[in-house]
Amino acid sequence: MNAEANIANRLRSLSIEREGTPPADTAASRRLPMRGVALTGLAVALATAAYMSLPLAESLWGPTATGSISQPVKETDAIAQDQLPARLPQTPPLQTVIGSGYVVAEKMITLRPEIGGKVVELPLDVGDHFAAGQVIAQLDTTTDEIELRIARSQAAGTAAAARRVEVSLAQTRKTLERTKLLVERGAKAASSLDDDSLSVVQLTSDLDVARQTAETAGLQVEKQERNLALHRIVAPFDGVIVTRLVGPGDMVASGTDGGGPRDGIAILLDPNSLTIDVDIAQSNAARIEPGQTAVAVLDAFPNRKFKMRVRTIVPAASMQKGTVTARLEFLTPPTRVLPNIAAKVTLDAPELQANANERGL
């Protein structure tokens, strides 16, 4: 402190004091009133600016001027507002489920014969309708007819052989009975009785073999008759021919020999078995159920709408496509609809379906 005081005294001794200069304490006391006046003026200016800006702010941000003076809210109006029913929560709109798929036929087969052969009759063309059991094609039966005659002949021969053995056995049994009487009377040796008994046993065994042979021959006849019937291809159900794969004179392989999907006589389709397999996103899997109605629009008939109904839901999801598959049936038999036509299906939401059922739709 002493050192600082000394330094201050030295600096004060080196300074030049002018005449009329007020001391430092006096100048500070003069500046205080001047600051008060300045602050007061600034406050007044801010208040004036705020007052002038109020109309402008109301014109910009306030409600639209209507030219009328708003009336204060009466107490009765407030009570009426309190008695208004509370606004119900808005329910989201009912949404439908949309999927895409293709028309498929549950009953569509490629007609193949169980045995191969040459087509000799083919009374069909594309678009022809056939009833169940009606002949669609006929194969050549020349060889099988010969084999059937051979089998029948063999069966007749074995049956005759069996009857011959049966007659011989009956005659031998009679001989055995006479031998027994002669031996009892002592007119014949006992060894003769043993020989006749052995003959009866042998013929009995021969008769069993002959009967088995005749039965086998009879089964061969039935087999040949069945093979002969297989040369005639008939429609297994009511349907329409969509493709003819062979013509008269062509050779066809048997169905048991394999072959490609187009190897056969023709392709038969039941139009009443058409359905639509539609893929639906897994996120909507819980919103579909059997019996649910839907509307389908086919790419081939964009101006037609087909009423559908969910028949079944495949109990397995596709991991690759992220979808579930539902099979929909037509409520009315479709016309001119073919398999593999692309379709877009809109399924009614379960809530909409419930409302429709209540309305009797």
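**View 1. Contacts of Ser273 in the predicted model.** In this predicted model, Ser273 touches Val104, Ala105, Glu106 and Lys107, leaving aside residues up to four places away in sequence. Ser273 is part of the loop between strand 9 (266–269) and strand 10 (274–281). Its relative accessibility is 6%, and because buried means under 20%, Ser273 counts as buried.

View 2. Strand 5 covers residues 135–139. Of its 5 residues, 4 are buried, so the strand is largely enclosed by the rest of the structure. In a regular strand, side chains alternate between the two faces of the sheet.

**View 3. Pairing of strand 3 with strand 5.** Strand 3 (residues 117–121) and strand 5 run antiparallel and are joined by 2 bridges. Val119 has Leu139 of strand 5 as its bridge partner.

**View 4. Pairing of strand 5 with strand 6.** Strand 6 (residues 232–234) is joined to strand 5 by 3 bridges, and the two run antiparallel. Here Ala137 has Ile233 of strand 6 as its bridge partner.

**View 5. The whole protein, for orientation.** The protein contains 6 helices and 14 strands. It has 361 residues, of which 25% are buried. Among contacts between residues at least 6 apart in sequence, 77% join residues at least 24 apart.

Definitions and conventions:
Residues numbered from 1 in each chain as written. Predicted model: local features only at pLDDT ≥ 70, side-chain atom pairs only at ≥ 80, totals over all residues. Heavy atoms only, no water. Buried < 20%, exposed > 50% of the residue type's maximum accessible area, 1.4 Å probe, protein only. Contact = heavy atoms within 4.5 Å. Pairing = 2+ DSSP bridges.
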